[in-house]
Amino acid sequence: MPEYLQGVDRLAGPGRVEPSPAQRQTPGERAQGSTFAQMLEQEVRKREEVRFSLHALERLRLRNIQLTPQEVETLGGAVSKVAEKGGRDSLVVMNRVAFVVNVPTRTVITAIDQAHLRDSVFTQIDSAVIA
């Protein structure tokens, strides 16, 4: 093959398909991409998590309120919705349990079960959500 034609078969022309950007990545670049995706996913999950104050943990224990991981996730989603609306201190009612949550810190301040909800007055909240 003449020197001037070498490499012509690698040129894209009519009917030829060039590799996609993902195919052009080296294995190291692809590994970094998945690491980045994993890190991004972890950061998103952290932002969805809620924390429980010591007082809230004590109330959960005293009132025998047990939360499944799915319920904690639902609570986190409710807090995210309130945050989107600009809520700062919110009452979240979920499965007959009320949670008072500081939205900016995503911290559950206290938890009240149905037996203790009767005649309860919640003050200093600016929003409420039924989850």
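Hi everyone. Before we look around, please keep in mind that this is a predicted model, where local features need pLDDT of at least 70, side-chain atom pairs count only at pLDDT 80 or more, and totals for chains, interfaces and linings use all residues. Residues are numbered from 1 along each chain as its sequence is written, and side-chain values use heavy atoms, with hydrogens and water left out.

Let's start with the sheet. Helices (H or I, at least four residues) and strands (E, at least two) are DSSP runs, numbered from the N terminus. Two strands pair if DSSP finds at least two bridges between them. In what order do the five strands of the open sheet come? The order is E1-E4-E3-E2-E5, and the pairing is mixed. E1 (51-52) and E5 (127-130) are the edge strands; each has a single partner strand, so one side of each has no neighbour in the sheet. The parallel pairing of E1 with E4 (residues 107-112) has two bridges, and here phenylalanine 52 is opposite valine 108 in E4.

Now the helices. Contact means heavy atoms within 4.5 Å. Angles run from 0 to 180 degrees between N-to-C directions, using axes fitted to C-alpha atoms, for helices over the stretch in contact. Helix H3 (residues 54-62) packs on the sheet and touches E1, E3 and E4, making about 25° with E4 in direction. Helix H4 (residues 69-84) lies across E1, E2, E3, E4 and E5, at about 140° to E2.

Next, a loop to find on your screen. Asparagine 95 sits between strand E2 (89-94) and strand E3 (97-102), and arginine 96 belongs to the loop between E2 and E3 as well. Neither is glycine, yet phi is positive: near 50° for asparagine 95 and near 65° for arginine 96. Are they buried or exposed? Buried means under 20% relative accessible area, exposed over 50%, and partly exposed in between (1.4 Å probe, protein chains only). Asparagine 95 is exposed at 51%, and arginine 96 is exposed at 61%.

Last stop: the largest pocket. A pocket is an open set of points on a 1 Å grid over the protein atoms alone, with protein on both sides within 12 Å along at least five of seven lines; lining residues have an atom within 4 Å of a point. Among the lining residues are Arg45, Glu48, Pro69 and Gly77. Which helix gives the largest share of the lining? That is H4, with four residues.

Notes
1 Å grid on protein atoms, 1.4 Å probe; cavity = no way out; pocket = protein on both sides within 12 Å on 5 of 7 lines; lining within 4 Å.
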